[in-house]
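Please look over the structure shown here before reading the notes that follow. They take up its strands, its nonpolar cores and its ring contacts in turn.

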Amino acid sequence: MGKSAPRLAESFRPENYKLSIEIDAKKMLFSGKVVISGQKIGRPAKRITLHQKDLKITSAKVIKQGKTGNETIELERINSQKSFDEVRLHSPTLLYPGKYTVEIGFSGHITEQMHGLYPCNYRHKGKEKKLFATQFESHHAREVFPCIDEPEAKATFDLTLTTPATESVLSNTPVKKQLETQDSRLKTEFETTPVMSTYLLAFAVGEIHRVTSKTKDGVEVNSWATVAQSKSHLEYANKEAVDVLEFFTDYFKTPFPLKKLDQIALPDFDSMAMENWGLITYREVGLLADPGNRSQSGEQLISLVVAHEISHQWFGNLVTMKWWDDLWLNESFASIMEYVCLDALHPDWHMWENFAEADMIAASNRDVTSNVQAVKSKVNHPDELFTLFDPSIVYAKGARLIKMMYDFIGEDAIRTGLKSYFKEFAYKNTVSDDLWRHFSKASGQDVKKLMDPWLTQSGMPLLNIHRNDRKLDIVQKRFLLDENSDSQKWPIPLLANKKIPTNLMKEEKLTLELDNDEPVVFNRSGSTHAVVNYESAQDKKYLQKVTSDRSIDSVGRMNLFNDAYLLSRHGSESLSETLELIENCAEEDRDSVWQLMLRPLAAAKLFLEGDEKSEQAIKQIKLKLAKKHFKNLGWDDRETDSPNTKALRVTMTALMLQAEEKTVVAEALSRYKNSRQVTDLPSEQRSLILATAVKNKKADLDKIFEEYTSTNRSDVQRSIAAGLTAAKDAASIKKILEKSIGKDEVVRVQDIPMWFAYLMRNQYSRS
C-alpha cells in the first residue's frame, strides 16, 4: 500500500460551493469559477489546501469572513502537488480557525477516460454526435473543479452551466432558471442541492429526450436517453423507478428528500450505473428495454440495477460512509436491498433464487484463496479503490453477510434499526459501528460482535459435521483451496431446518445433542457464508433424497449443490460424486437450481477439454438431463408461461444445442436463415441461435458485424458478442478477433472486457 493521503477535510470544511462551468464542445475544453464557503478548522496555518487534478488554475483568492466585514487575503503563491492531487493557496499571514471564502478560476480538458467530465459518442441519422456527462465517484470531482474531494466533506452545491442552446441540461436538482447569453448559448442555474459529498454531484448535456411520471408522493421521475434511442425503450425502467422509489420510501420510513429523480442512459459508461443524488447515470443496457421484443432477463437486469441505485439515495447519499474503507456500507446494503425490493414488487420472480444464483455463488466461489481481501479493507488513498475493488467481495459477499444478519435477527429489527439510523445520521457521515448500534438496540443482539469478524477477516469457514447417533460434532476451520487452513474463527449462524440446542456457533468445536436421529440441514437458506460437509453416510443419503425429491426449498437445494461443487474442488468429495448427484435430479423444475446443477458439468468440461471421448460423454449427460424438459417446453413462449418456465426453456434449449442434438440444431439454423437481421430473433434465444450458426459456419460474419456497428442497442450488441465468440474454426476466429478487439476496433472501450471474457471461455479462441 502507498502513503496515506492527507485528509484535507480535517483542516478545511466546505459548507457551500457556487460552481459555474462553461463547456466548449468543439474544442473539448471547459472553464469555470468556484466560490467555496467553509470553515478553517484545526491549527492556524499559512495555507488552505484543496484537491484538483489536471486543471489550470487561472485565478485564486481567499476572503476572511468577519463580523464587521470581509477581508481579502492576497495570496503569496499558488502551487500544485501532483502526488496527492492538491492545490495549495499560500497566505503571507497565519489563517486562524473561522469562516473563509475561497474563489478560484480554472480550466481543463474534456478527456475520453469515462471519469471526470467526458464525452459519450453515438450516431443519429448518419451523424456522429456527443453527449457530455460526469462520473465523479470515487475521487474524480477534482478533475472538473477544485474542491475537498472526500466523502466526509459534505456541502451544498449551487451549479450553473453554460452550454449549447439546442441541448438539454440535467443535474442533481431541478432547473431554477435559464436564459440565453449574448453569444446565443444557454445559461442554466440549478436549485441548491442537499448537503452531500462531492462524488455525488453530476450533470449531463446533450440531445436527449425522456418519458416521465410521478410517485404518489409527487416526486417527478424521468428516464432519459439520446435521441438515437426510441422513447418507448425507456418506459419499462421509468415505471420500475416509480415503483421502487415508492417501495423504499415506505420500507425505510424516511422520505425521499428531492423534488425529482432523473435517470439517464449513457452510450459510454465504465460501470453499470452510478447513484448520483437525483440524477442516476446508467449504461444503456441497464436502462433500455425493447417492448416489441421483450427479454425477461434483460428486464430483470434493469429492475435490479434501478433498485440498487435508488436504494443508494438513502444508503450512501443521505447517509454516507466517512472514508472509502467503509465502501461496503454503501454497496453491500444496496446489493441486498435490490432483492428485498424486487421480491416484494415481483413475487413471481422468486428473487431470492436469483440472489443465490448470483451473489451467494459469486461470494463463495471467490472467497476460497488465501490472498483474497476482506469486505472491509484499509484504504490509504482513493487510487487504491481500483485494485481493492472486488465485486464478488464488496458487493456479493457483503450482501450475503447482511442476508445472514437478516435471517438471524429478523426483518422487523432490520427495518426498525434502519429507520432510527437514517433519522440520526441524515446528511451526515458514519462508520459501521453506528449501524451496528442501531441494529443491536432494535434486536437485543450484539450485532457488532456477530458481524465484525465476518467483515474484517477474509475467507469463509468449512463446517465438518460428524454424526454419532443423536450427537453431532461440528468443527469449523477456514475453507481454502490453495493451502492449508489457518486459525481464523467466526461466529456462525447455523440456520438449521429444525430446532437445535443453539443456533450460533461461537467456538472452534461444538457438540449438539439432538432429540432424535433425524438428519439436520444446516444453512437451510444459504445465507450463512460457509460450506457444510456432512461426513456420515446417513446424512449424505438424506441430502441426495431432499435434492432429488425437492422436499427442501429451492434456495436450500441451490446451496447444497454449491457446497457439493466446492467440496469437489477442495478434494473432500470427488467430482464424479457431484455429477451423480446432479444426474439424479433431472426432474428439477426451478431454473435457478439448474444454474447451480450445471456448474460442475462446466468444470468437468474444462477439466476434460481436448479429450474427445470425455467431451462426448458430457454431451450425453446434458442430453439426458434436458431431453424431457425440452420436449415439454419446446422453443416458443406462451402467454400463460410463468417467469420460471420462460427461463427454464432457454436453459433447456441451450443444453440441447450444447449436446448437439441434430433436430434442435437444425431448427436453430432454420430460425437463423429465416430472420432478415439479428434483431428479428427472439431476444432470449438470439445469442443461442447466433452461436449455433457461427459454430456450424452458416453465419455471415460481415453482415453480423455490420449490424453490430450500425445498431444503437447495447442489448443486441451483447447478444452478437456472445454468439460470434462461440466460433470453432480458425478462419472465423481470426476474423472475429480482428473486427472486435483487433485492428478494426468496432467495440466500444466499455465493452472490451465483455468480449475478452467471451473469447477466453471458448477453448478454440483462448490461445
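Which residue of strand 18 stands opposite valine 221? In this predicted model, the residue facing valine 221 is leucine 261. The points below begin with the strand neighbourhood and then move on to the side chains.

**Strand 17 and its partners**

- Strand 17, which covers residues 220-226, is mostly covered, since six of its seven residues are buried.
- On one pairing, strand 17 runs antiparallel to strand 16 (residues 208-214), and seven bridges join the two; within this pairing, valine 211 stands opposite serine 223.
- The hairpin made by strand 16 and strand 17 has five residues between the strands, and in this hairpin glycine 218 takes a positive phi near 90°.
- Strand 17 is also joined to strand 18 (residues 260-266), here by five bridges and in a parallel arrangement.
- Together with helix 1 (residues 235-251), strand 17 and strand 18 make a β-α-β unit that is left-handed.

**Nonpolar cores**

- In soluble globular proteins, nonpolar side chains tend to be buried together.
- The largest nonpolar core here has 166 residues, and the members that touch the most others are Phe145, Leu418 and Phe522.
- Leaving aside neighbours within four places in sequence, phenylalanine 522 is in contact with several residues, including Ile465, Leu472, Leu494, Val532 and Tyr534.
- Another core, of 61 residues, lies apart from the largest one, and Val593, Met597, Leu623 and Val747 are among its members.

**Aromatic pairs**

- A search of the whole structure finds 30 aromatic pairs.
- One of them joins phenylalanine 248 and tryptophan 314 in a tilted arrangement, with 6.2 Å from centre to centre and 55° between the planes.
- This pair links distant parts of the chain, 66 residues apart, because phenylalanine 248 belongs to helix 1 while tryptophan 314 lies in the loop between helix 2 (296-311) and strand 21 (319-321).- Phenylalanine 248 counts as buried because its relative accessibility is 0%, and tryptophan 314 counts as buried because its relative accessibility is also 0%.
- Phenylalanine 333 and phenylalanine 439 form a stacked pair, with 6.2 Å from centre to centre and 25° between the planes.
- Phenylalanine 333 lies in helix 3 (residues 327-345) and phenylalanine 439 in helix 8 (residues 432-443), so this pair ties together parts that are 106 residues apart in sequence; both residues are buried.

**Charges over rings**

- Arginine 7 lies over the face of tryptophan 323, at 3.7 Å from the ring centre.
- Lysine 403 has its charged end over the ring of tryptophan 352, 4.7 Å from the centre of that ring.

Terms used
Residues are numbered from 1 along each chain as its sequence is written. This is a predicted model: local features need pLDDT of at least 70, side-chain atom pairs count only at pLDDT 80 or more; totals for chains, interfaces and linings use all residues. Side-chain values use heavy atoms; hydrogens and water are left out. Buried means under 20% relative accessible area, exposed over 50%, partly exposed in between (1.4 Å probe, protein chains only). Helices (H or I, at least four residues) and strands (E, at least two) are DSSP runs, numbered from the N terminus. Two strands pair if DSSP finds at least two bridges between them. A crossover is right-handed if, with the strands pointing away from the viewer, the path from the first strand over the helix to the second runs clockwise. A nonpolar core is a set of buried Ala, Val, Leu, Ile, Met, Phe, Trp, Tyr and Cys residues joined through side-chain atoms within 4.5 Å. Contact means heavy atoms within 4.5 Å. Rings of Phe, Tyr and Trp (its six-membered ring) pair if their centres lie within 6.5 Å; planes under 30 degrees apart count as stacked, over 60 as edge-to-face and the rest as tilted. A charge sits over a ring if NZ of Lys or CZ of Arg is within 6 Å of the ring centre and within 35 degrees of the ring normal.
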